[in-house]
There are 2 protein chains.
Amino acid sequence: MKVAKFGGTSVASAEQIKKVAAIVADDSERKVIVVSAPGKRYSDDTKVTDLLIALGEAYLEKGEAEAELQAVVSRYEDIADGLDLGKEIVATIEADLRDRLTFDRNRPESLMDLIKASGEDNNAKLIADYFQRIGLNATYLNPQDAGLLVSDEPGNAQVLPETFEHLEKLRDSDEVIVFPGFFGYSKEGTLVTFPRGGSDITGSIVAAGTKADLYENFTDVDSVFAANPNVVDNPVKIKKMTYREMRELSYAGFSVFHDEALIPAFRNRIPVCVKNTNNPASTGTMIISEREYFLSPVIGIAADEGFATIYVRKYLMNREVGFGRKLLQILEDEGLSYEHMPSGIDDTSVIVRQHQLTAEIEERIIDRIQKELCVDDVYFEHDFSMVMIVGEGMHNTVGVSARATAALARASVNIEMINQGSSEVSLVLGVHAEDTDRAVRELYQEFFGGADESIE
Amino acid sequence: MKVAKFGGTSVASAEQIKKVAAIVADDSERKVIVVSAPGKRYSDDTKVTDLLIALGEAYLEKGEAEAELQAVVSRYEDIADGLDLGKEIVATIEADLRDRLTFDRNRPESLMDLIKASGEDNNAKLIADYFQRIGLNATYLNPQDAGLLVSDEPGNAQVLPETFEHLEKLRDSDEVIVFPGFFGYSKEGTLVTFPRGGSDITGSIVAAGTKADLYENFTDVDSVFAANPNVVDNPVKIKKMTYREMRELSYAGFSVFHDEALIPAFRNRIPVCVKNTNNPASTGTMIISEREYFLSPVIGIAADEGFATIYVRKYLMNREVGFGRKLLQILEDEGLSYEHMPSGIDDTSVIVRQHQLTAEIEERIIDRIQKELCVDDVYFEHDFSMVMIVGEGMHNTVGVSARATAALARASVNIEMINQGSSEVSLVLGVHAEDTDRAVRELYQEFFGGADESIE
């Protein structure tokens, strides 16, 4: 059986939900359908989740939010009209929303979670209603009834281990189950939402719990591309990639999934397929545990801006047991996470995401490094990009780094940093921010120039 | 004025000491001459320092060591005979040795230091005697009289800061000062020896204290070469290099100096010149603070074997503030120093010198990493080499890494690790041990093939 998750744009309108129904009807293996709240219908549209946040905030501030509530109801009304569902489902949704507002206002975070989650929850009820109306044997299932238990951290739910056992019984359902994404329930019965990427998390948990043969993730793109289409013209489509490749690429701006969303599927080795609701005939991109990589050692080129480096030099640094640890401790004390730490013999650089820094933080860090580590030199540099070449085959292919560095030399891009771990699933090249796009284009040309439309 | 230090082979015999005298006589700027103990005269000869260690150990064990003492006296006798110095100096040296043996046997480490240091001390007395005999205005100076004060750690003396002030007055001496290397005195008046490279340390301290215009270090090679002559045929000579380049090269097997020896010279920006006692006309290699690097961005290729890597993989590792610091803490708890820490997104490798490891240590480390860091995978790999390309010009030269990686691809050497810090004075390439020499030769060919006999 398959678990299929449909994202916000896939369920944003009646027209889109009809496509979803056709996709579900087309394959009887699609047994659990996880749905998001209605997303944007056009680029400057407002998502229902954002309407709900406005509703919750207004209500908490003023004690009423009738206009905001009507804006939400109106979105469902449009969808219900377009699907010829009549007024009953809309009345049910409006009553549900009013009921949520009666929750204890002394627990504002849980109240917000309850309101936000209504977007997915009511959309699932509406979609189940539509499925039934067109003759699909479908039913809405509430996460509480399914046993999707989570920790009681509003907006940051973590799934509890027993959930997976509870969900296993969904395998045996005769009906198509329509399941709302984004939230679960604490053991005490409080609704709690997941962090960012919430519906993807639900889909991944359900796929893992039901031991699905496939977790299909329907979005609005045909596949994952080997490079950012905003930088490279018509990049090739990736047919197959591994979890590790997906993760390395997503680090540097490939936003297919929120990374954490895939953990349950990943830990249970459930294959994931990214597909397009608007073009379901396209094969999409499979994300799997392992792949053959003879033909394509490199799977993608990604880049992300906004990095800074802390450069530290001290004569005989490498003799000093504990130096690197103390340096990282200073950053940790400031709450900074670091990305890489390339080093020579007597110098080392720590690369961090720049958004974590302020002039005061930098000053404090430099001051502590000077005083506590007695270094010869320490300074910050800003505005670097990390360009990543990712591929499972890199480890066993002589010359990938040679081709990469030659490409950057051709493009007159100075390499400020090279970091290749012993896993060699990725090669990270630090460049100045202004060189980023030139670097990505030249690397794409080197590794994918003349390739077919898609690679695997 | 110049401080000239002569190493063990330069003062191993009468013939060698005559060369030293000629060198000193040739330049009146050579005001302080730091000397080692007599070294090897031929490849399977025994250094006087090793004879002295045997003497000390035998004496501590048996309470007498007459045969060992005679072996030492005999070496000085040979030298004195060859220099026509007569019996008096040899009698003085023998009396001095017997006097040292009367030191408190309940302080065996200090007794050993006293015996070992006699090698340099008596050689300085002998050489000063010879200098006077041939008409040089020369005098022996004891480090205690000169004020060379050190910490009281037998075999591991650290210079005390006031030493540099004390030594400044040597600048004004009318006589050529012959100064024994390898030891100083604690504030309580105990003789203490320096760690490995001891006479180089003395020379560097004296050069810094006297604010010498040049610190000449006389050895038995014409210059520093751009690669190991045992691996590359007739490598080019390096005319000028910076302290940083010297340090990076010496990390990977370029054993010109023991690294720590140069610190005092380095901190005081005293230029250092490596010269050959057997060929003083050769210009040698200058080691300076800064150099022009337009013509030769790369100054040398070095390599060292015996590295192991600890590979660690954990999904979402890079989100975890403190992960790298905790990993290094575990190594630190085992007393391990690490060399590099290249990282991808969800994996990181820590490269350590293999000699620090045993099966038990590896097991404990893996166990702690698994339990405390909850990683997905952790293992050791052994027998890597670090190949280093060193040069001040690398930072500003596009394409050095491209040329390096292309060279290794040509030689079919797989690159296991690349580490280039933001300083870019070096590029470190991790390769399998068996590929080391092939990598060095191909890199030498790439960066020095067709070069003149020497570079600067």
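Contact is taken here to mean heavy atoms within 4.5 Å. By this criterion, in the predicted model, 67 residues of chain A are in contact with 67 residues of chain B. The size of an interface is often given as the accessible area lost when the parts come together. For chain A and chain B the buried area is about 5600 Å², and carbon and sulfur atoms contribute 50% of that area.

Side chains of opposite charge can pair when their charged atoms come close. Six salt bridges were counted between chain A and chain B, while a search of the whole structure, over all chains, gave 66. A:Arg325 and B:Glu332 form a salt bridge through their side chains, with an N to O distance of 2.6 Å. This pair crosses between chains: A:Arg325 lies in helix α11 (residues 323-333) of chain A, and B:Glu332 lies in helix α11 (residues 323-333) of chain B. A salt bridge also joins A:Asp376 to B:Arg267, where the closest N and O atoms are 2.9 Å apart.

Helix packing was examined within each chain. In chain A, helix α13 (residues 400-410) and helix α14 (residues 436-448) have axes that come within 9 Å and cross at roughly 135 degrees. Because angles over 145 degrees count as roughly antiparallel and those of 65 to 115 degrees as roughly perpendicular, α13(A) is classed as oblique to α14(A). The crossing of α13(A) past α14(A) is right-handed. On the α13(A) side, the contact is made by A:Val400, A:Arg403, A:Ala404, A:Ala407, A:Leu408 and A:Arg410. The α14(A) side supplies A:Ala439, A:Glu442, A:Leu443, A:Glu446 and A:Phe447. Seven of the residues in this contact of α13(A) with α14(A) are nonpolar and four are charged, with no polar residue present.

In chain B, the axes of helix α2 (residues 48-62) and helix α3 (residues 66-82) come within 8 Å and cross at roughly 155 degrees. The two helices, α2(B) and α3(B), are therefore roughly antiparallel to each other, and α2(B) passes α3(B) in a left-handed crossing. From α2(B), the residues B:Val48, B:Leu51, B:Leu52, B:Ala54, B:Leu55, B:Ala58 and B:Lys62 take part. They meet B:Glu68, B:Leu69, B:Ala71, B:Val72, B:Arg75 and B:Tyr76 of α3(B). The contact of α2(B) with α3(B) comprises ten nonpolar and three charged residues, and no polar ones.

Definitions and conventions
Residues are numbered from 1 along each chain as its sequence is written. Chains are lettered from A and ligands numbered from 1 in the order in which they are written. This is a predicted model: local features need pLDDT of at least 70, side-chain atom pairs count only at pLDDT 80 or more; totals for chains, interfaces and linings use all residues. Side-chain values use heavy atoms; hydrogens and water are left out. Axes are lines fitted to C-alpha atoms, for helices over the stretch in contact, and angles run from 0 to 180 degrees between N-to-C directions. Helices (H or I, at least four residues) and strands (E, at least two) are DSSP runs, numbered from the N terminus. Angles under 35 degrees count as roughly parallel, over 145 as roughly antiparallel, 65 to 115 as roughly perpendicular and the rest as oblique. A crossing is left-handed if the near helix is turned anticlockwise from the far one by less than a right angle, and right-handed if clockwise. Ala, Val, Leu, Ile, Met, Phe, Trp, Tyr, Cys and Pro count as nonpolar, Asp, Glu, Lys and Arg as charged, and the others, Gly among them, as polar. Buried area is the accessible area (1.4 Å probe) that two parts lose on being put together, summed over both. A salt bridge is a side-chain nitrogen of Lys or Arg within 4 Å of a carboxyl oxygen of Asp or Glu.
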